[in-house]
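The exercises below are to be worked with the sequence and the three-dimensional structure side by side. Each task is followed by a solution that goes step by step.

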Amino acid sequence: MERFDWLTEETIELLVRGVALTIALTVITGLLATIVGVGVGTARLSPRRRVRLPAVAYVEVFRNIPALIQIIFWAFAVPGIVPTDLRIAIFFDNGFMDALRSLSGIPVPYYGLAACLALVLNTSAYIAELFRAGVGTIPVQQLDASRTLGAGRWIAFRTVLLPGGLRAAFPALSTRLIHNMKNTALVSFVAVPDFFSGIQASIQETFRATEFLFLAAVVYLGLAAVMGTAFGIVDRRLHRARHV
């Protein structure tokens, strides 16, 4: 056991809390990014320029700015625009932030919200393009058949384009969501106590960088493997349902 003397009870507790927060961030940002991405991807398909062009701009902006820059921008730059007294009242010291601090355990909950927003914007921009590409694989005959049967635009979208696009894009979409999980490590740069933040704190306390970085690699690899397995099961069921 002396070989693992760097893993004290306090360190294990810190890292377990960090893993829990990392999983929560992954689930929340993944779900929101999927919803937003499908919406933006649908707008990208619109024949109306006033709908399509803002969606194009959304994808180009949030896909091409690195996630870390977006996290730091929303966490530090946006509050800096607001005068000091108003900044504190809006972003840091109010009833909502106090309640969020109590529920989440995040010392500065606004930084957690800013990090979530940045991850959602970045990931949803990729998902929008993946969904648009998935819709592009749907045979035109399927859409024509639904319209022949009297389906309106919304019903055709809900019954043909949405399930077909998600099914076709799911392998790439699941890869992007796993990448989003790995991107949660970036929230440690804005004082969000996720798993990687716990790893950094443990290294600073013990100077055992090799051991803790190896542990971090194993944990993230494990999370990615679990997500990949779960997404693989969903993908097989989606394609099985298609042929039923």
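**Exercise 1.** Which residues in the largest nonpolar core touch the most other members?

*Solution.* The structure is a predicted model, in which local features need pLDDT of at least 70 and side-chain atom pairs count only at pLDDT 80 or more, whereas totals for chains, interfaces and linings use all residues. Residues are numbered from 1 along each chain as its sequence is written, and side-chain values use heavy atoms, with hydrogens and water left out.

Begin with the term itself: a nonpolar core is a set of buried Ala, Val, Leu, Ile, Met, Phe, Trp, Tyr and Cys residues joined through side-chain atoms within 4.5 Å, where buried means under 20% relative accessible area, with a 1.4 Å probe and protein chains only. The largest such core has 21 residues, and those touching the most other members are Leu-25, Ile-71, Tyr-110, Tyr-111, Val-187, Val-190 and Val-192. Next, assign the core to elements: α1 (9-44), α3 (67-81) and α6 (109-136) each give two or more residues, and α6 supplies the largest share, seven residues. Helices here are DSSP runs (H or I, at least four residues), numbered from the N terminus.

Finally, take Val-190 as an example: leaving aside residues up to four places away in sequence, Val-190 is in contact (heavy atoms within 4.5 Å) with Ile-71, Ile-72, Ala-75, Phe-76, Tyr-111 and Ala-115. A second, separate core has 19 residues, among them Ala-33, Ile-178, Met-181 and Ile-199.

**Exercise 2.** Describe how α3 and helix α4 (residues 84-92) are placed relative to each other, and which residues meet.

*Solution.* First compare the axes, which are lines fitted to C-alpha atoms over the stretch in contact, with angles running from 0 to 180 degrees between N-to-C directions: those of α3 and α4 come within 9 Å and cross at roughly 135°. The two helices are therefore oblique to each other, since angles under 35 degrees count as roughly parallel, over 145 as roughly antiparallel, 65 to 115 as roughly perpendicular and the rest as oblique.

Then list the contact: Val-78, Pro-79 and Gly-80 in α3 meet Arg-87, Phe-91 and Phe-92 in α4.

**Exercise 3.** How many helices and strands does the protein chain have?

*Solution.* The protein chain has ten helices and zero strands, a strand being a DSSP run of E with at least two residues. Its C-alpha trace spans about 70 × 50 × 30 Å along the principal axes, and buried residues make up 39% of its 244 residues.

Definitions and conventions:
Buried < 20%, exposed > 50% of the residue type's maximum accessible area, 1.4 Å probe, protein only.
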